[in-house]
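Biologist: I would like a close look at one part of this model. Please start with a helix and what it rests on.

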Amino acid sequence: KQWYQRRVAITAGEGTDQTDRNNFVQMAGDMDTSYPEVLGAADFWNSVESLTDPEAAPLDIAVSLASAGYYCGQTAHGTCPAGDSLEGNNRDALQGQLNNAPASYFGHVLKMKGAGTYNYMCTRNNNFTNRSQKGYLVVKAPETDAEM
């Protein structure tokens with residue numbers, strides 16, 4: 001027998017066919033919610049710091065992850081040149097389904113600064129009728145010596 005591989009067109013679900021993009025935003029409300037939190041009201045970003053980009057402010061981290069790396073931050077800083085930041089760039093606007101975001105990017109390694117539960121979602125792969133990518137993070141306070 002002759003074996004062969006047939007390429008099957010894969011649909012993207014949301015966005016341009018044969019592409020995949022993901023982003024990370026805090027959700028408004030609980031896990032039954034499918035809406036992103038307004039950036040100014042999102043408490044997650046003040047609870048993290050970037051180990052890979054220590055100069056990044058909370059808003060820089062939020063913009064980078066929400067845009068799937070299309071913008072490296074809100075404003076320019078050490079590892080984020082002005083031409084790649086949200087403010088001061090001359091690029092086309094980020095397309096709503098992230099079609100013009102990179103297929104992959106360096107991102108951030110985050111360190112949590114305090115306890116809390118945070119619901120998150122991907123805005124591209126979110127169709128209110130049949131699909132969603134969402135989850136939650138539970139960060140517990142460190143145990144003290146008395147609790148061990």
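Which strands do the buried residues of helix 1 pack against?

Modeller: This is a predicted model, so local features need pLDDT of at least 70 and side-chain atom pairs count only at pLDDT 80 or more, while totals for chains, interfaces and linings use all residues. Residues are numbered from 1 along each chain as its sequence is written, and side-chain values use heavy atoms, with hydrogens and water left out.

The buried residues of helix 1 pack against strand 2 (48–50) and strand 3 (110–112). Packing here is contact, meaning heavy atoms within 4.5 Å. Helices (H or I, at least four residues) and strands (E, at least two) are DSSP runs, numbered from the N terminus. Helix 1 covers residues 58–66. Its buried residues are Asp60, Ile61, Ala62, Val63, Ser64 and Leu65. Buried means under 20% relative accessible area, exposed over 50%, and partly exposed in between (1.4 Å probe, protein chains only). After helix 1 comes Ala68, with a positive phi near 55 degrees.

Next, the aromatic rings. Rings of Phe, Tyr and Trp (its six-membered ring) pair if their centres lie within 6.5 Å; planes under 30 degrees apart are stacked, over 60 edge-to-face, the rest tilted. That rule gives six aromatic pairs. Phe44 and Trp45 form an edge-to-face pair, because their planes stand at 85 degrees, with ring centres 4.8 Å apart. Phe44 is buried, at 2% relative accessibility. Trp45 is buried too, at 5%. Tyr70 and Tyr71 also pair edge-to-face, because their planes lie at 80 degrees, with centres 4.9 Å apart. Tyr70 has a relative accessible area of 8% and is buried. Tyr71 is likewise buried, at 8%. Arg91 lies over the face of Tyr70, 4.1 Å from the ring centre. The test for that is NZ of Lys or CZ of Arg within 6 Å of the ring centre and within 35 degrees of the ring normal.

Ring pairs also link Phe24, Phe44, Trp45, Tyr118 and Tyr120 into a cluster. The largest cavity is lined by Phe24, Gln26, Phe44, Tyr118, Asn119, Tyr120 and Leu137. A cavity is a set of points on a 1 Å grid over the protein atoms alone where a 1.4 Å probe fits but cannot get out; lining residues have an atom within 4 Å of a point. Strand 4 (residues 116–121) gives the most to this lining, with three residues.

Note on methods
On a 1 Å grid over the protein atoms alone, a cavity is a set of points where a 1.4 Å probe fits but cannot get out, and a pocket is an open set with protein on both sides within 12 Å along at least five of seven lines; lining residues have an atom within 4 Å of a point.
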